[in-house]
Amino acid sequence: MNWVPDDAENAHSSSVESCPSLRDVQSINPAQLMARIESYEGREKKGISDVRRTFCLFVTFDLLFVTLLWIIELNVKGGIETTLEKEVLQYDYSSSYFDIFLLAVFRFKVLILAYAMCRLRHWWAIAFTTAVTSAFLLAKVIISQLFSQGAFGYVLPIISFILAWIETWFLDFKVLPQEAEEENSGKGTRRSIVESLLHAQIETRARLLIAQDASERAALLHPGVLSDGQFYSPPESVAGSDEESEEKQDSEKPVV
C-alpha cells in the first residue's frame, strides 16, 4: 500500500517547479538588457548629430552668400556676361573678385568633406581653411586695388573673413564640446546598463540557489513516492482456511 501526504507532495512539486521558472528568468533578463545596450549603441551610430548638421548648413550658407554677393557685383559693373568674361577669362589678382568666390568654394569642399562625410572630431581642418582664408584676404587687401572699385571692394573681403572665423568659433566652441559631452553621457548610460545586467544575473543566480536549496530540503524532509517493494500488505486469509488445513493433515496421517 502506497501512502504519501498530499501536502508534502505538493510542497515538493512546487519547489521543483520553481527552479525552471527561475532559470527562465535568468535567461530572459540578460537578453532584454543586451537589447537595450544595442539600442543605445544604434542611437550613437545614427547619422550626423544635430549640432554638426547646423554647422554644415552654415558652411553651405557661407558659399551661397558669397556667391550671391559676387553675382550682384557682376551685375553692378555692367552685365554678368561681360564682367564674368573679364574677371574669369581675363583674371587679374588686383581687381577681380573671382578668387574670393573660389575661396568660398574651397572652404565649402574641405569642411563638408571633413566634418560631414568623414565626421572628423578635430579642429585641424577648420584651422587650415581659416588660416588660408585669412592669409589670402589680407594679402589681397594689401596688394590689390579693390578699395577703388566701390563698396564691393570692402564688402566681399570683410564678409568672407567674418564667415570663416564664425565657422571656426562655432565648431570649436559648440560642435566638438557638445558631441564630446554626448559621448561621455552615452558611455555612462552603457556603464549603468552593464552594471544592472550584472546585478540582475547575480540576483537571479542567488534566487536559483535558494530555490535549489529549498527543493533539496523538501526532498530530505518529505521523500518521494514510495515503491511497491518498500511497503506491501500480505494477502488476506480466507475464512475457514485453518480448519481445512487441519482436516487435510488428519486425513493424510496413516491409519494404524
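Start by selecting helix α4 (residues 98-117) and helix α5 (residues 124-143), which pack at about 175° with axes 9 Å apart; axes are lines fitted to C-alpha atoms, for helices over the stretch in contact, and angles run from 0 to 180 degrees between N-to-C directions. The two are therefore roughly antiparallel (angles over 145 degrees). This is a predicted model, where local features need pLDDT of at least 70, side-chain atom pairs count only at pLDDT 80 or more, and totals for chains, interfaces and linings use all residues. Residues are numbered from 1 along each chain as its sequence is written, and side-chain values use heavy atoms, leaving out hydrogens and water.

Next, show side chains where α4 meets α5 (heavy atoms within 4.5 Å): the α4 side includes Ile100, Leu103 and Phe106, and the α5 side includes Trp124, Phe128 and Phe136. By class, this contact has 14 nonpolar, two polar and three charged residues.

Stay on α4 and look along its length: its 20 residues reach 27 Å from first C-alpha to last, close to the 28 Å expected at 1.5 Å a residue (1.5 Å times one less than the number of residues). Among its buried residues are Phe98, Phe101, Arg107 and Tyr115 (under 20% relative accessible area, 1.4 Å probe, protein chains only). Then click Arg119, which follows α4 and has a positive phi, near 55°.

Now move to helices α2 (residues 50-76) and α3 (residues 80-89), packed at about 110° with axes 7 Å apart. They are therefore roughly perpendicular (65 to 115 degrees). Select Trp70, Ile71 and Leu74 in α2, which are among the residues meeting a set in α3 that includes Ile80, Leu84 and Val88.

Terms used. Helices (H or I, at least four residues) and strands (E, at least two) are DSSP runs, numbered from the N terminus. Buried means under 20% relative accessible area, exposed over 50%, partly exposed in between (1.4 Å probe, protein chains only). Angles under 35 degrees count as roughly parallel, over 145 as roughly antiparallel, 65 to 115 as roughly perpendicular and the rest as oblique. Ala, Val, Leu, Ile, Met, Phe, Trp, Tyr, Cys and Pro count as nonpolar, Asp, Glu, Lys and Arg as charged, and the others, Gly among them, as polar.
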